[in-house]
Amino acid sequence: MGDGTNRYIALLRGVNISGKNVVPMAQLRIELGKRGFNDVTTYLHSGNVLFSSTEETSGDGELAQRIEEAIVDAFNLRVPVLVMPLSNLVDVMNHAPAWWGGNDPAIYDNLIFVFPPASPADVYREIGEPKAELEHIEPYRNTIFWSFSRKDYRKTNWWPKTASTPISKLLTIRTAKTIRKILSIDTHN
């Protein structure tokens, strides 16, 4: 964007699931606009927010903190937020392994985002080896590509542990389809 504007994605963890942590996306767009975020777009109700900023910050963590504060102020909820430059997400997708993100309906492809200061290595240490015949993982940057068999997901090692181990509080997960849709929406802005 040559004008000093940077494009970002914010991923909210655990919102609008089974009536819990309700954050209306339309209202969130308004709240973020009031706080100086520009060109705010949301996708789905699971907390995917695209925005622009020209402000100099000390990093993505500062932007995440500002969004977290806006959510507390507007909705009285504490929701973890991960922010990254959209260019980083494009880079991650450009490094997807060949086995990830295909069109096989028998396979479920997810991208795990790891909140700093945790790393993919920390996640792997806590969750352990994937079951090779049922699931695959590959880290890149602060993400982990993860694919598994839809029919045997309950037999995988990672499925139950991404929601139940202590490190699960430092993860947010999106499907390959969701990430691709987010990136396609943003190219039209």
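Is His 95 buried, exposed or partly exposed? With a relative accessibility of 37%, His 95 counts as partly exposed, where buried means under 20% relative accessible area, exposed over 50% and partly exposed in between (1.4 Å probe, protein chains only). The model is a predicted one, in which local features need pLDDT of at least 70 and side-chain atom pairs count only at pLDDT 80 or more, while totals for chains, interfaces and linings use all residues. Residues are numbered from 1 along each chain as its sequence is written, and side-chain values use heavy atoms, with hydrogens and water left out.

## Overall fold

The chain holds 6 helices and 8 strands; helices (H or I, at least four residues) and strands (E, at least two) are DSSP runs, numbered from the N terminus. Read from the N terminus, the order of elements is β-α-β-β-α-β-α-β-α-β-β-α-β-α. The C-alpha trace spans about 50 × 35 × 30 Å along its principal axes. For 189 residues a compact globule would have a radius of gyration near 16 Å, and the 17 Å of the chain agrees with this; the radius is taken over C-alpha atoms, and the globule rule is 2.2 Å times the number of residues to the power 0.38.

Of the 189 residues, 47% are buried. Contact means heavy atoms within 4.5 Å. Among contacts between residues at least 6 apart in sequence, 69% join residues at least 24 apart.

## Pockets

A pocket is an open set of points on a 1 Å grid over the protein atoms alone, where a 1.4 Å probe fits, with protein on both sides within 12 Å along at least five of seven lines; lining residues have an atom within 4 Å of a point. Grid points are joined across faces, edges and corners, and a volume is the space filled by probe spheres set on the points. In the lining classes, Ala, Val, Leu, Ile, Met, Phe, Trp, Tyr, Cys and Pro count as nonpolar, Asp, Glu, Lys and Arg as charged, and the others, Gly among them, as polar.

| Pocket | Volume | Lining by class |
|---|---|---|
| Largest pocket | about 520 Å³ | 9 nonpolar, 9 polar, 2 charged residues |
| Second largest pocket | about 310 Å³ | 12 nonpolar, 4 polar, 4 charged residues |

The largest pocket is lined by 20 residues, and Gly 14, Ile 17, Thr 172, Ile 173 and Arg 174 lie nearest its centre. At least two lining residues come from each of β5 (107-114), α5 (158-164) and β8 (171-175). β8 gives the most to this lining, with 5 residues.

The second largest pocket is lined by 20 residues, with Leu 82, Val 83, Val 114, Phe 115 and Pro 116 nearest its centre. Here α2 (60-75), β4 (81-85) and α3 (86-94) each supply at least two residues, and β4 gives the most, with 5 residues.

In helix α4 (residues 120-127), the buried residues are Pro 120, Val 123 and Ile 127. Seen down the axis of α4, these residues fall within an arc of 60°, so they line one face of the helix; the arc is that of the directions from the helix axis to the C-beta atoms. An α-helix has 3.6 residues a turn, so residues three or four places apart point the same way. The cover over the buried residues of α4 includes β5, β6 (135-140), β7 (143-149), α5 and β8. Just after α4, Gly 128 has a positive phi of about 95°.

The loop between β5 and α4 contains Pro 117, and the peptide bond from Pro 116 to Pro 117 is cis, with omega near 15°. Ala 118 lies in the loop between β5 and α4 and is buried, at 8% relative accessible area. Leaving aside neighbours within four places in sequence, Ala 118 contacts Asn 142, Ile 167 and Leu 170. Ala 118 and Leu 171 are 53 residues apart along the chain, with their C-alpha atoms separated by 9.1 Å.

## Other residues

Asn 110 lies in strand β5 and counts as buried at 3% relative accessibility. Beyond its neighbours within four places in sequence, its contacts include Trp 100, Trp 146, Ile 173 and Arg 174.

His 95 is placed in the loop between α3 and β5.

Asp 39, in strand β2 (residues 38-43), has a positive phi of about 50° although it is not a glycine. At 53% relative accessibility, Asp 39 counts as exposed. Arg 141, in the loop between β6 and β7, is not a glycine either and has a positive phi of about 55°. Arg 141 counts as partly exposed, at 45% relative accessibility.
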